[in-house]
Amino acid sequence: GDPPPDTEAAKIKRAQIASCGPVCERLVDCSVEDLRREKTDAEIAEMDLPRVIPKAIEDCEIDCRDKTLSPRQIKVMQECVNGPQECSGYLTCLDKAKRGG
């Protein structure tokens, strides 16, 4: 079979899939950062983060790849990943991507 034509839609989808990984890794990192602030070391140890984190990233990526995002939303996501260093800034940035259109 021939490869699917390299349509604009296919390019957009590839860009989306490429951004999902870094976006999700960063999101999960930020969640872990919150946990470390809010929970004791013992509580964190119980959560088995080395197992939980890769699973959380994977779930996030699957969810992210399945969404139908506009080119604008994908661009915002990419900018966020390379943008604010602190989690609060990052999450605020991603919120802009969630808004429609």
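**Comments on the predicted model**

1. Leaving aside neighbours within four places in sequence, Arg99 is in contact with Arg72 and Gln73. Arg99 itself belongs to the segment that follows α5. Its relative accessible area is 54%, and Arg99 therefore counts as exposed, the cut-off for that class being over 50%. Between the C-alpha atoms of Arg99 and Arg37, residues that stand 62 apart along the chain, the separation is 29 Å.

2. The overall fold may be stated briefly. The protein chain contains five helices and zero strands, and along the sequence the pattern reads α-α-α-α-α. Its radius of gyration is 16 Å, well over the 13 Å given by the globule rule for 101 residues, so the protein chain is more spread out than a compact globule. Along the principal axes, its C-alpha atoms fill a box of roughly 55 × 35 × 20 Å.

3. Burial and contacts come next. Of the 101 residues in the protein chain, 30% count as buried. When contacts between residues at least 6 apart in sequence are considered, 74% of them join residues at least 24 apart.

4. As to charge, the protein chain carries 16 positive and 20 negative side chains. The centres of these two sets are 6 Å apart.

5. Helix α4 spans residues 71-81, and its buried residues are Gln73, Ile74, Val76, Met77 and Cys80. They cover an arc of only 160° around the axis, which puts them on the same side of α4. In general, an α-helix has 3.6 residues a turn, so residues three or four places apart point the same way. The cover over the buried residues of α4 includes α1 (8-38), α3 (49-66) and α5 (87-98). Gln73, one of these buried residues, is also a contact of Arg99.

6. Which residue has a positive phi although it is not a glycine? The residue is Asp48, with a phi of about 55°. Most residues other than glycine have a negative phi. Asp48 is located in the loop between α2 (41-47) and α3. With a relative accessible area of 31%, Asp48 is partly exposed.

7. Ile53 is placed in helix α3. Is Ile53 buried or partly exposed? A relative accessible area of 23% makes Ile53 partly exposed, since buried requires a value under 20%. Not counting residues up to four places away in sequence, Ile53 touches Val28 and Val32.

8. Asp95 has its place in helix α5. The relative accessible area of Asp95 is 37%, and the residue is accordingly partly exposed. Asp95 and Glu58 are 37 residues apart along the chain, and their C-alpha atoms are separated by 20 Å.

Definitions and conventions: Residues numbered from 1 in each chain as written. Predicted model: local features only at pLDDT ≥ 70, side-chain atom pairs only at ≥ 80, totals over all residues. Heavy atoms only, no water. Helix = DSSP H or I, 4+ residues; strand = E, 2+ residues; numbered from the N terminus. Rg over C-alpha atoms; globule rule 2.2 N^0.38 Å. Buried < 20%, exposed > 50% of the residue type's maximum accessible area, 1.4 Å probe, protein only. Contact = heavy atoms within 4.5 Å. Lys, Arg positive; Asp, Glu negative; His and termini not counted. Charge placed at Lys NZ, Arg CZ, Asp CG, Glu CD. Arc of directions from axis to C-beta.
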